[in-house]
Amino acid sequence: MRRVVVAAGCIFLLSCVYIKAEECYAEQTSVAIACDTVDYTKGLSVWFDTPNDLSGKEIWTVNNGNSGSNPDFAWEQRSFPIGNGSFGGNILGSVETERITLNEKSLWKGGPNVPGGARYYWDANKEGYKVLDQIRHSFIQFSGINSVATELTRNNFNGKCGYEPDSEESFRFGSFTTMGEFHIDTGIAESEISDYRRILSLDSALVVVQFNAGGDCFYRKFFSSYPDSIMIYRFECTRPGRQNLTFRYVANPQASGSVEADGTTGIVYNGRLDSNGMQFVIRVRAVAESGTVTVENGAIKVIGADNVTFYVAGDTDYKMNYNPDFNDDRAYVGVDPVMTTQNNLDFALAKGYDAVYNAHRADYSALFDRVKIDLNESKLVSDIPTDMRLSNYRNGISDHYLEELYFQFGRYLLIASSRAGNLPANLQGLWHNNVEGPWRVDYHNNINLQMNYWPACPANLSECQTPLIEYIRTLVKPGERTAKAYYGPDTRGWTTSVSSNIFGFTSPLSSRDMSWNFSFVAGPWLATHVWEYYDYTRDEDFLRTTGYELIKGSAEFAVNHLWYKPDGSYAAAPSTSPEHGPVDQGATFAHAVVREILLDAIEASKILNVDASEREEWQEVLNKLMPYKIGRYGQLMEWSADIDDPKDKHRHVNHLFGLHPGRTISPITTPELSTASRIVLEKRGDGATGWSMGWKLNQWARLHDGNHAYLLFQNLLKNGTADNLWDMHPPFQIDGNFGGTAGIIEMLMQSHMGFIHLLPALPDKWASGDVIGLCARGNFEVDIHWEKEELVKAVIRSGSGGMCSIRYKDSMVNFDTKAGKSYSLIYDNSLFRILEN
Ligand code: FUC
């Protein structure tokens, strides 16, 4: 797809000085690989010392269902992802034949692009609004939850489009799908090699495969460059002439196209998906130092070369569309991938390997290097591969380096899967190895897509959040139709439902299971991220030109979708709590999201000094919204009636939305509700799927219980993480990685209650440490240094000026800041000293 121009995020330039990871770790004793000048296992690296075999190669299995591990074990648990936000791959590191799986974020089945498809595709909403009064009346007639409301909702608040690939002839919802695989035969048998390493260096955004064969050192280096829209695979050897490679492309099996020679040293595949005719192109060019390069039978053959660089460009004809014509089958078609891949390839070839790598490294480091974390002065405790570290950790061996690695891996994944001008990170970020994936590898809006973006702003990667905002913009026009179809022709604003795709899909799906398929606050929830982006960056221009409209449209929908009850209160009726329980007349979750978006809209309208009358309406609804309730065992009630089951272990904890990610429950402002939330978390337990542990980690941190938050973090690492550190539902889902990274920040700093709270949930196990470069709301950048479980010093850099309020334990301090200035806060004996630096 073509890049779109987006509002730039805040860019912080760190003034602080710290030792670069590589230099720092170079001093440590280690069993260095004799082969390498740079030991990539040092610094921040995830690595293995055993190769993968090819057992998962091209095992195209369709519709593997939603849960359980991926049938390709090595891909899911032992491969390394690279990506530039849109074009990515997984490196398997097999010796005899290197295997790389390939993805482009916009390669999707489904959508309107089949003849006559637009009419059919956009006819996915039902006219649920016609039974709304009946449903609401039944809540009065039967004094609450009842079967009439349930049946009417099941039959009218679903949509017309199926979710499973075989549920309809023209698979409208579609699925993210693989772009195929590369196989590179090397002629080197696994039995001939020693000193094998497969490394993902987070410091360099580089995957390295290296080994010793016949006394010579072989290296393969892989990266995907954002500035040059190109992927590079470089094969090197210490002895000249030893590279004998055959490079083949295996296409997506549900596509038609063919591999052709592209000049004398390259190949090109120009194909179309069977499902929707989406065109996609892969172009590969080999540049060899000495030796020969030829193309035979669609494969590139390299003989007797010293080093070889493969330049790989890939693209689709997908066009992001903010204003789709609902009569146009081709509303999302608009890029010529033959041309874009040619241009990208030519440009990178002219630049050459070193320049392309240097640009990639500079681009990546400018983001990644902003945040450093050091827990208990951890250093590399031993020179062991990550799978062994994780295994030790599972057996109870403490490893703060592994925890830091996990934290930074989340930041790496966000940079690799979400860059400006592209689609946001999907359920697997950017990476999937099959023709269809679990939950279609879609955009899941009842927690998963939102969780992907929890770390973006606080982990100093606000630029990486712009794809989410652009994506939200694409949902508005279709989402206005969905809002009207279910809540009446006069309904203002927009919303979306539980699952969305890249073709503006906002309708509920056809399932009558309302526990998951009724999700009308998905839109307002997404829009809270628009406010959050503003709140962190304080980019008023963004708020005025882009953000406010999205927030206002969501607030309007939130208001209009409520039931104004005869008793003068507002309630979300019907509503549900994901993904269990009845059709209710006021699920806590729905109200919590409504509260949040109304608060956001009120603040935003004040800042821009607009919409005073709307503001009054929003405030009025806030005042009259059904309040939080505490139930019979002290729990924060999930539904309008006290029907919660204390034995319920369900993974969704959406009714605690106000605690996290929201801000309407806090131990400081609402201690009773906070205690009631704690009871919910205690009852739900400390296990769950990967992302759910990630969420509960954040919620425990918001309760200021560092040790319990740490327990959840440990459980996430022990029980919800694969050896390559990918989050496991199972299957692999990237949300848990992002939830984990965000949770660590919530333990060290929070800023959602109008002040910066330092070390609000510090576990005993992190007695001392340093974190540099976290971001707080208000456009502040924060470093924290603590020792013996006590704050020693913090540094605050002010991006926009204004009042800064800091809390540590029960002490608060407020001071005025100037944009661009930094301030040191020394904490000593319960007193703060503030120095302007
Ligand atoms: C939500 C979760 C499931 C899964 C799916 C992608 O619906 O309840 O566990 O993560 O999203």
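Start with the rings: this predicted model holds 57 aromatic pairs. A pair here means rings of Phe, Tyr or Trp (its six-membered ring) with centres within 6.5 Å; planes under 30 degrees apart count as stacked, over 60 as edge-to-face and the rest as tilted.

**Stop 1: W108 and F503**

Select W108 and F503. Their ring centres are 6.5 Å apart and their planes stand at 85°, so the pair is edge-to-face. Now look at where each one sits. W108 is in the loop between β4 (97-104) and α3 (117-121), while F503 is in the loop between β19 (499-500) and α12 (514-517), so the pair ties together parts that are 395 residues apart in sequence. Helices (H or I, at least four residues) and strands (E, at least two) are DSSP runs, numbered from the N terminus.

Are these two residues buried or exposed? W108 is buried, at a relative accessible area of 0%. F503 is buried too, at 3%. Buried means under 20% relative accessible area, exposed over 50%, and partly exposed in between (1.4 Å probe, protein chains only).

**Stop 2: Y269 and F280**

Next, select Y269 and F280. This aromatic pair is tilted: 5.5 Å centre to centre, with 45° between the planes. Y269 belongs to strand β12 (residues 266-273) and F280 to strand β13 (residues 279-288), so the pair ties together parts that are 11 residues apart in sequence. Y269 is buried at 4%. F280 is buried at 0%.

**Stop 3**

**Stop 4: G736**

Move to G736, in helix α20 (residues 735-748). G736 is buried, with 0% relative accessibility. W726 is 10 residues from G736 in sequence, and their C-alpha atoms are 8.3 Å apart in space. What does G736 touch, not counting residues up to four places away in sequence? Select Y406, M451, G690, W691, L716 and D727. Contact means heavy atoms within 4.5 Å.

**Stop 5: R777**

Now select R777, in the loop between β26 (769-776) and β27 (780-787). R777 counts as buried, at 15% relative accessibility. F755 lies 22 residues away from R777 in sequence and 8.3 Å away in space, C-alpha to C-alpha. Leaving aside neighbours within four places in sequence, the contacts of R777 are E532, D535, Y536, R702, S751 and H752.

**Stop 6: zoom out**

Show the whole protein chain. It has 20 helices and 32 strands. Along the principal axes, its C-alpha atoms fill a box of roughly 85 × 70 × 50 Å. The chain has 837 residues, and a compact globule of that length would have a radius of gyration near 28 Å; the chain has 27 Å, which agrees. The radius is taken over C-alpha atoms, and the globule rule is 2.2 Å times the number of residues to the power 0.38.

Colour by burial: 67% of the 837 residues count as buried. Then turn to contacts between residues at least 6 apart in sequence: 69% of them join residues at least 24 apart.

**Reading the numbers**

Residues are numbered from 1 along each chain as its sequence is written, and side-chain values use heavy atoms, with hydrogens and water left out. In this predicted model, local features need pLDDT of at least 70 and side-chain atom pairs count only at pLDDT 80 or more, while totals for chains, interfaces and linings use all residues.
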